[in-house]
Amino acid sequence: MARDIKIAPSLLAADMGDLRQAVARVEQAGADYLHLDVMDGAFVPNISFGADVIRALRKGSRLFFDVHLMVEEPGRYLDDFAAAGADLLTVHYEACRHLHRVIQQIKGLGLKAGVALNPATPVSVLEDILPDLDLVLIMSVNPGFGGQSYITESTAKIARLAAMLDTAERDIDIEVDGGVSAKNAALPASAGANVLVAGTGVFGQTDFAQAINNIRTKAAAAR
């Protein structure tokens, strides 16, 4: 059974001068998740925000906090982000020397656990960790900056992941992050993605509710 489509506006594209208002607006507009990109300037060439910002936003929002750790050695920070109010922690395969240990740390904190793959990393590397995951995130841009274009090869990669999950009899979320908007939401959705991260595709639009609904409608129609 196909999982329901979830829309996760990426805070990286919001007005950084008024984050609380931005979160309130997408929550009222019907977002399912809030995607929070944590960047350290080492794993990716950019710095965004950390646990303190997430803690402050958590106080005023009931959204599911989808925290994407684009940081080196993420195991060092898991306790901080759990305490800040994360619901899901996603770490990068490429950033973890001992991925299984990190996933078990996340689970031990009572949170959902996800693994993200950069565009050049094949889905096959996750074969032995799939039983422990709640979500796999396919990066459809190279991580580090918002506003990039969707890498078209990501669609086939999502399909390969969906097939691998079917073979393993694992019913978990497939998330896609990078360049997703109403114009192309059908591509990842048709391949099996059900959690769509959208930065400028939501925050770059005047009407957040219409933007979220348009992405959801296009994605659902492609399932």
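Let me start with Arg76. At 49% relative accessibility, Arg76 is partly exposed, because the exposed class begins only over 50%. Its side chain meets that of Glu73 in a salt bridge, 3.9 Å from N to O. Keep in mind that this is a predicted model.

How many salt bridges are there by this rule? The count is seven. I will take a few of them.

Next pair: Arg216 and Asp32. Their closest N and O atoms are 2.8 Å apart. Arg216 is partly exposed at 22% relative accessible area. Asp32 is partly exposed too, at 26%.

Then Asp87 and Arg58. Their side chains form a salt bridge at 3.1 Å, N to O. Again, distant parts of the chain are linked: Asp87 lies in the loop between α3 and β4, Arg58 in helix α2, 29 residues apart. Asp87 counts as partly exposed, at 26%.

There is also a network. Arg3, Asp171 and Asp173 are linked by salt bridges.

Now helix α1, residues 19-28. Which of its residues are buried? Leu19, Ala22, Val23 and Val26. Seen down the axis of α1, they fall within an arc of 95°, so they line one face of the helix. The face turned away from that buried side carries exposed Arg20 and Gln28.

What do the buried residues pack against? Strands β1 and β2, plus helices α2, α7 and α8. After α1 comes Gly30, with a positive phi near 105°.

Methods:
Residues are numbered from 1 along each chain as its sequence is written. This is a predicted model: local features need pLDDT of at least 70, side-chain atom pairs count only at pLDDT 80 or more; totals for chains, interfaces and linings use all residues. Side-chain values use heavy atoms; hydrogens and water are left out. Buried means under 20% relative accessible area, exposed over 50%, partly exposed in between (1.4 Å probe, protein chains only). Helices (H or I, at least four residues) and strands (E, at least two) are DSSP runs, numbered from the N terminus. The arc is that of the directions from the helix axis to the C-beta atoms. Contact means heavy atoms within 4.5 Å. A salt bridge is a side-chain nitrogen of Lys or Arg within 4 Å of a carboxyl oxygen of Asp or Glu.
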